[in-house]
Amino acid sequence: MLKYILIALITLELILLSGFVTSPANGTMRDSEIFIWDYASLSNYKVVCKKMIFHPTNRRLPESSDMKPINIHSQVVNDEYCSNLTKPV
């Protein structure tokens with residue numbers, strides 16, 4: 001019985017020590033995405049459902065800016081993704 005308690009305490013100590021000594025995993029921020037009704041292109045009047053993806057980047061901005069740099073990518077998707085949104089006329 002004492003042998004099992006001793007093994008459990010050593011295991012717990014090793015787990016806690018490895019948590020303090022090793023650096024945590026680099027957390028990744030998942031890209032934000034939203035669905036919107038928008039025009040297919042600048043010269044096109046057809047309204048389609050688009051998925052907008054916002055991806056943070058490591059660009060430098062002026063120090064006076066309080067914004068964070070992002071890349072924006074959009075792609076046309078099936079209209080079902082925007083079914084709960086009001087479609088513009």
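Q: What is the torsion about the S-S bond of Cys 49 and Cys 82, and is the disulfide right-handed or left-handed?
A: The torsion about the S-S bond of Cys 49 and Cys 82 is about 75 degrees, so the disulfide is right-handed. The model is a predicted one, and in it the sulfur atoms of Cys 49 and Cys 82 are 2.0 Å apart. A pair of cysteine sulfur atoms is taken as a disulfide when they lie within 2.5 Å, and by this rule the count comes to one.

Q: How many aromatic pairs does the structure hold?
A: The structure holds one aromatic pair. The rings of Phe 35 and Tyr 81 have centres 5.0 Å apart and planes at 10 degrees, so the pair counts as stacked, the cut-off for that class being planes under 30 degrees apart. This pair links distant parts of the chain, since Phe 35 belongs to strand β1 and Tyr 81 to the segment after β3, 46 residues apart. Phe 35 counts as partly exposed at 25% relative accessibility, and Tyr 81 is likewise partly exposed, with a relative accessible area of 49%.

Q: What does Leu 85 contact, once its neighbours within four places in sequence are left aside?
A: With those neighbours left aside, Leu 85 is in contact with Phe 35, Ile 36 and Trp 37. With a relative accessible area of 35%, Leu 85 is partly exposed.

Q: Which residues make the nonpolar surface patch?
A: Met 1, Leu 2, Ile 5, Leu 9, Leu 12 and Leu 16 make this patch, which covers about 680 Å². One of them, Leu 16, is found in helix α1 (residues 2-21) and is partly exposed, with a relative accessible area of 46%.

Q: Where does Arg 30 lie, and is Arg 30 buried or exposed?
A: Arg 30 lies in the loop between α1 and β1 (32-39) and, with a relative accessible area of 67%, is exposed. The C-alpha atoms of Arg 30 and Pro 56 are separated by 9.2 Å, the two residues being 26 residues apart along the chain.

Notes
Residues numbered from 1 in each chain as written. Predicted model: local features only at pLDDT ≥ 70, side-chain atom pairs only at ≥ 80, totals over all residues. Heavy atoms only, no water. Patch = residues over 30% accessible without salt bridge, like charges linked within 9 Å, V, L, I, M, F, W, Y side chains within 5 Å. Areas by Shrake-Rupley, 256 points an atom, 1.4 Å probe, with all protein chains shown as cover. Salt bridge = Lys/Arg side-chain N within 4 Å of Asp/Glu carboxyl O. Helix = DSSP H or I, 4+ residues; strand = E, 2+ residues; numbered from the N terminus. Buried < 20%, exposed > 50% of the residue type's maximum accessible area, 1.4 Å probe, protein only. Contact = heavy atoms within 4.5 Å. Phe/Tyr/Trp six-rings, centres within 6.5 Å; stacked < 30°, edge-to-face > 60°.
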